[in-house]
Amino acid sequence: MSDVLATLVADAERQTARRRREQPESVLSHLAATAPPPRDFAAALGEPGLAVIAEMKPRSPSKGPLTDDYRPAALARAYNSGGASAISVLTHEEGFGGTPEHLTVARAESEIPVLRKDFIVDEYQVLEARALGADALLLIVAALSPQRLAELLAYTRELGMEALVEVHDADETDIAMAADARVIGVNHRNLRDFTIDRTLSAQLRGRVGRERLMVGESGIRGAQDARELAQAGVDAILVGELLMRSANPGATVKELTG
């Protein structure tokens, strides 16, 4: 685990410990049982054409603030109307300025699956995601042992959700597939030096195989990058910074879908 990732995971663990004190698992279990039924994240990404997972986040650890006007409800409506296949909501507080409650807002304002993007290492976070209305969540191979990845993935599906399992290289891809990941996200960003290599998706496409969905993540600057990734064989792209800086995020989603 890189120093950056280790810091973000430690921040998430502190956030989770505080929320666990405020809301015990017994309460979450009731909320999860009464939450709206999950929307099918994998099916949404598997539709013909390049799917866009549109991300909302007020800031990032590497770029700082991304917008002066962060309105999750308005963003969710714009992403939905612009043709996004799913919405990714940063719920991490310290590094990204999000809160778990932003997910509930996005879910209520859209008709497409909503993914909880955080540094998830604990079953409480998985249960909390479903209680908030999440349809999917992010699991990062680099942040988990192979056993913990398999356990959290199984629990995610037990609650009716799917996981976007994020990898950074071939070894992590093999671990994700061994855990039975069905949606694999290839993060083009090196978490040690923050460099971007958009060819990574093409390099790993054959390894992943066509029976699994592949998502290209990070460093997507516009429609040309989207087209190149589609030609490389990805099923979907996850786009955050470009949309957060856009004056018209719904129109930008339409441009990315081509």
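Reader: Which residues is Ile237 in contact with, leaving aside its neighbours within four places in sequence?
Author: This is a predicted model. In it, Ile237 is in contact with Leu50, Ala51, Val52, Ile53, Val215, Gly216, Ile220, Ala226, Leu229 and Leu256.

Reader: And which residues have the most contacts inside the largest nonpolar core?
Author: Ile237 is one of them.

Reader: New topic. Where is Gln15 found?
Author: Gln15 sits in helix 1, which covers residues 3–22.

Reader: Is Gln15 buried or exposed?
Author: Buried. Its relative accessibility is 2%, and the cut-off for buried is under 20%.

Reader: What does Gln15 touch, not counting residues up to four places away in sequence?
Author: Gln15 touches Thr91, His92, Glu93, Glu94, Pro100, Arg116 and Asp118.

Reader: Now rings. How many aromatic pairs does the structure hold?
Author: There is 1. The rings of Phe96 and Phe119 form a stacked pair.

Reader: Why is the pair stacked?
Author: The ring centres of Phe96 and Phe119 are 6.1 Å apart and the planes are at 25 degrees, so the pair counts as stacked. Planes under 30 degrees apart get that label.

Reader: Where in the chain are Phe96 and Phe119?
Author: In distant parts, 23 residues apart. Phe96 is in the loop between strand 4 (86–90) and helix 5 (101–108). Phe119 is in the loop between strand 5 (114–117) and helix 6.

Reader: Are Phe96 and Phe119 buried or exposed?
Author: Both Phe96 and Phe119 are buried.

How values were computed
Residues numbered from 1 in each chain as written. Predicted model: local features only at pLDDT ≥ 70, side-chain atom pairs only at ≥ 80, totals over all residues. Heavy atoms only, no water. Core = buried A, V, L, I, M, F, W, Y, C linked by side-chain atoms within 4.5 Å. Buried < 20%, exposed > 50% of the residue type's maximum accessible area, 1.4 Å probe, protein only. Contact = heavy atoms within 4.5 Å. Helix = DSSP H or I, 4+ residues; strand = E, 2+ residues; numbered from the N terminus. Phe/Tyr/Trp six-rings, centres within 6.5 Å; stacked < 30°, edge-to-face > 60°.
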